[in-house]
Amino acid sequence: MSDGRDLFMRLCRLLAHAVLDIEIGPGARRRALETFGFEVPDDDSESLGMAKLLQVVAIAMAAFMAVSFIRYTIEGGNGVPFGTVVFFALLMGANFGVSAHAGTFPKSRWRFADIEANRSRPWGGYVFSGVLAVAASLVVISALRFTRYVFDGKSYQAGFDQLIVDLSWSFPYLFLSFAIGFGVAWVCDTEWRRGPARYRRWFDALALGVIGVVGAYICYSAMHGFPPFEGTKAPEFRDASLAGVVQFIVQSTVAAALIGALVPGGYRQNRYRSPVQRVCRYIDRNSHDLRIEAGKLAPFTLKSLMTRVAAASSMADGLLDDTERNVLRDTLNKMAEHNLLDFTVEAGMEELMQQVERWREEDAEALRSEILEALQTLRRSEYLAGLMVQISVAIGYADGVFQVPEQYILECIARALNLDPESELAACSLCRGWVGPEPGVSGQAANRTDNGSPMV
């Protein structure tokens with residue numbers, strides 16, 4: 001009977017999440033499904049999927065076609081065949097699409113470009129994205145041109161010879177590919193923290209639009225002989241008119257702005273996946289370094305530090321619930337997969353309950369000072385320090401709401417580990433702009449729940 005009642009309550013909670021959208025935190029439906037024991041597929045892809053890639057190509061293609069038709073309609077037609085307009089739009093749409101894809105792809109593939117939520121890729125990573133965009137665009141453009149030549153009735157050899165000739169004057173398009181790949185990678189890592197969140201997509205679109213303007217002018221000028229370039233096209237094929245350069249700049253700018261409005265926002269939303277997933281991903285990526293740093297600690301020190309951090313974060317709101325307890329269990333299970341523990345998972349969970357009892361019975365301020373002093377031993381352990389922050393974030397947001405007391409605990413932990421609290425808090429994408437209690441507010445005052453009652 002109790003099992004049936006519990007199942008009914010969980011069904012009601014699932015319906016509330018799915019239909020009424022009561023819990024607005026990210027991953028609410030995923031957590032509701034996981035409470036039933038179902039294993040939800042982990043959408044861990046950080047690059048653009050094939051469906052989204054085709055959408056980006058179609059959007060860029062539509063932008064180029066629309067601007068071309070508008071110009072030709074105003075001019076009353078200039079004899080350009082419809083098929084030529086469509087093929088050029090397809091060519092540039094594919095160019096922009098694969099370049100945008102290259103801006104998000106390398107993050108999880110190459111170590112030097114790898115980032116976590118609180119780190120931006122180095123400039124070398126952005127340059128690599130641009131180079132990758134150039135390589136991918138060269139392949140795509142060559143394939144499309146060669147296919148067109150073959151369909152026009154040319155032999156394979158003649159089509160290949162024509163492709164080499166066309167690439168000899170059209171290679172400036174690759175600079176535009178580099179600009180889009182570089183720009184998408186940079187904008188994806190730019191948070192625009194000074195601006196309101198609702199305007200972030202506008203900032204993304206503006207940044208990519210500016211990059212599109214610069215890249216388009218350089219590309220067009222290099223081919224058609226605008227200053228300071230001599231031109232790669234033969235003089236009889238150049239279009240040095242103002243209308244021509246304006247058309248190409250408008251086409252590229254509109255396409256780049258649309259990519260900026262769509263791709264970086266989706267990238268950030270996917271990057272800020274559920275905190276539990278981020279902890280597991282952090283362990284997967286840094287297991288070797290974590291093993292080295294954990295091996296330098298005294299026996300069972302890691303267990304003590306992890307359980308203390310988990311207890312402090314979970315008791316910040318005065319209550320340890322199942323979701324918070326499961327965060328530590330999932331973390332320990334993931335660490336056990338990589339042989340990072342010198343204790344069993346159950347021993348860690350028992351230690352957590354003992355620490356929670358201390359928070360219920362002893363002075364919270366004294367316990368906090370004790371934990372922060374113990375965490376100072378990890379100041380030289382970069383990866384273990386990052387793990388403690390990840391655990392605190394995951395537990396604090398386990399219920400879907402990152403409350404002020406939980407943010408305050410995270411700030412204290414970050415300071416104890418000699419990390420920047422503001423950047424760690426902002427990196428969560430949950431409490432952006434919160435920088436701790438105001439001057440003159442004591443730890444006890446900040447350490448209260450929203451209704452003013454003490455946490456413990």
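With a relative accessibility of 58%, which is over the 50% cut-off, N418 counts as exposed. The model described here is predicted. N418 belongs to the loop between α17 (404–416) and α18 (421–427), and its phi is near 65°, a positive value in a residue other than glycine.

The protein as a whole contains 19 helices and zero strands. Of its 456 residues, 49% are buried. Among the contacts in the protein with a separation of 6 or more, 74% are made by residues 24 or more positions apart.

The packing of helix α4 (residues 82–104) on helix α7 (residues 173–188) was examined in detail: the two helices meet at an angle of about 40°, and their axes lie 7 Å apart. The crossing of α4 and α7 is right-handed. On the α4 side the contact is formed by F88, M92, N95, F96, S99, A100, G103 and T104, and on the α7 side by Y173, L176, S177, I180, G181, V184, A185 and C188. Classified by residue type, the contact of α4 with α7 comprises ten nonpolar residues, six polar residues and no charged ones.

Twelve aromatic pairs are present in the structure. In the pair formed by Y220 and F226, the ring centres are 5.9 Å apart and the planes stand at 55°, so this pair is classed as tilted. Both Y220 and F226 are buried. The ring of Y220 also pairs with that of F248, with centres 5.7 Å apart and planes at 35°, and this pair is therefore tilted as well. The pair of Y220 and F248 links distant parts of the chain, since Y220 belongs to helix α8 (residues 200–224) and F248 to helix α9 (residues 242–271), 28 residues apart. The relative accessible area of Y220 is 6%, so Y220 is buried, and F248, with a relative accessibility of 4%, likewise counts as buried. Ring pairs join Y220, F226 and F248 with F64, F88, F96 and Y173 into a cluster. Among the members of this cluster, F88 and F96 in α4 and Y173 in α7 also take part in the contact between those two helices.

When neighbours within four places in sequence are left aside, S252 is in contact with F64, F96, L176, G212 and A216. Of these partners, F64 and F96 are also members of the aromatic cluster, and F96 and L176 take part in the contact of α4 with α7. In helix α8, V213 has a relative accessibility of 34%, so V213 counts as partly exposed. With neighbours within four places in sequence again set aside, V213 is in contact with I249 and T253. The C-alpha atom of V213 is separated by 9.3 Å from that of Q251, a residue 38 positions away along the chain.

Methods:
Residues are numbered from 1 along each chain as its sequence is written. This is a predicted model: local features need pLDDT of at least 70, side-chain atom pairs count only at pLDDT 80 or more; totals for chains, interfaces and linings use all residues. Side-chain values use heavy atoms; hydrogens and water are left out. Axes are lines fitted to C-alpha atoms, for helices over the stretch in contact, and angles run from 0 to 180 degrees between N-to-C directions. Helices (H or I, at least four residues) and strands (E, at least two) are DSSP runs, numbered from the N terminus. A crossing is left-handed if the near helix is turned anticlockwise from the far one by less than a right angle, and right-handed if clockwise. Contact means heavy atoms within 4.5 Å. Ala, Val, Leu, Ile, Met, Phe, Trp, Tyr, Cys and Pro count as nonpolar, Asp, Glu, Lys and Arg as charged, and the others, Gly among them, as polar. Rings of Phe, Tyr and Trp (its six-membered ring) pair if their centres lie within 6.5 Å; planes under 30 degrees apart count as stacked, over 60 as edge-to-face and the rest as tilted. Buried means under 20% relative accessible area, exposed over 50%, partly exposed in between (1.4 Å probe, protein chains only).
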